[in-house]
Amino acid sequence: MKNIIRLPVEHYLDKIRNNEPFSFSRFGDVEVMCCFPGGYLTENCDGSRFLPELKKPMMQILKNQYPYYHCLLDCSFDLNGDKFRKLLEETCPDMDFYDGEVWQKLSFDERIGELIEAINPYNPCFVGGSHLKNVKYMYGLDSMRFIETPSRDSFLQYDGIFDEIMAMYKTGCRMFLFSTGYTTKIIIDNLYPYIGEFATLLDAGSLFDCYVGKLSRDGMRYKGKDFFQYATSFKL
């Protein structure tokens, strides 16, 4: 396995500002668990289950090795670490992996406005649970489109979600931000051959949770709601 490539967040922000489409997908402990179903954990922290049928499409991402940013989170090797390293060595030893924490670092540095400013001209589409509708209250975001997905086990609605995204793309949308858990990775990889050359597909994970009043990660809870209030008119 190669060393993780750590590009500065400005690299991605400049690509957005310059209208250079790219795809960015993050692998963390949840995605690793999907590759090894039947372990001691049966569900994610949000209640989503590690369904056996997730293994094949999750593994296919590593086999496809499409030329976009496959990223690892700090927690990628927390669970099944040795098995995951072996899997990467056997499946995609020459594949480049990038730092997947750049957006959370931007957020915790109180710079989320730089991302909002970059995506705003594209009238972006957010794909995720109903709580993300409140992203529209973030300062600097004039308008947004939205595709609502189930908050748990969204993979069970995969076909419908995929079709909605393609329909949105056909209306002219070229900026998609995903917060659909492990389903995000599978959707991005399957969308890439069709629209990856023309649209940015960004795995936002839990990035925006803290700006809509949902402190879903330990770091967010440590900071507290008041820390994130500067970026949104939505009462946290």
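1. Let's start with helix α6, whose buried residues pack against α1 (9-17), α5 (102-108), β4 (125-128) and β6. Please keep in mind throughout that this is a predicted model. The helix runs over residues 112-119, and its buried residues are Ile 112, Leu 115, Ile 116, Ala 118 and Ile 119. They sit on the same side of α6, because the arc they cover around the axis is only 165°.

2. Within its span of residues 81-91, Gly 81, Phe 84, Leu 87 and Leu 88 are buried. Their arc around the axis is only 120°, so they too fall on the same side of their helix. Turn to the other side of α4 and you will find Asp 82, Lys 86 and Glu 90, which are exposed.

3. Now for empty space inside the model. Rolling a probe the size of a water molecule over the atoms shows where such space is left. One cavity of 30 Å³ or more turns up in the structure, and the largest cavity has a volume of about 60 Å³. Its lining includes Lys 15, Ile 16, Asn 19, Glu 20 and Pro 21, and also Tyr 122, Arg 174 and Met 175. Phe 198, Ala 199 and Thr 200 belong to the lining of the largest cavity as well. Sorted by class, that lining has six nonpolar, two polar and three charged residues.

4. You will find Arg 174 in the loop between α7 (158-170) and β6 (175-179). With a relative accessible area of 32%, Arg 174 is partly exposed. Apart from neighbours within four places in sequence, Arg 174 is in contact with Tyr 169, Phe 198, Ala 199 and Thr 200. From Arg 174 to Pro 67 the C-alpha to C-alpha distance is 18 Å, and the two are 107 residues apart in sequence.

5. A disulfide is a covalent bond between the sulfur atoms of two cysteines. The disulfide count here comes to zero. Cys 125 is in no disulfide, and the nearest cysteine sulfur, which belongs to Cys 173, is 5.0 Å away. Cys 125 counts as buried, because its relative accessibility is 0%.

6. Finally, two backbone angles to check by eye. Asn 123, in the loop between α6 and β4, has a phi near 45°, a positive value in a residue other than glycine. Asn 123 counts as partly exposed, at 25% relative accessibility. Asp 153 is not a glycine either, yet its phi is positive at about 50°. Asp 153 is found in the loop between β5 (145-148) and α7, and at 11% relative accessibility Asp 153 counts as buried.

Conventions
Residues numbered from 1 in each chain as written. Predicted model: local features only at pLDDT ≥ 70, side-chain atom pairs only at ≥ 80, totals over all residues. Heavy atoms only, no water. Buried < 20%, exposed > 50% of the residue type's maximum accessible area, 1.4 Å probe, protein only. Helix = DSSP H or I, 4+ residues; strand = E, 2+ residues; numbered from the N terminus. Arc of directions from axis to C-beta. 1 Å grid on protein atoms, 1.4 Å probe; cavity = no way out; pocket = protein on both sides within 12 Å on 5 of 7 lines; lining within 4 Å. Points joined across faces, edges and corners; volume = space filled by probe spheres on them. Nonpolar A, V, L, I, M, F, W, Y, C, P; charged D, E, K, R; others polar. Disulfide = S-S within 2.5 Å. Contact = heavy atoms within 4.5 Å.
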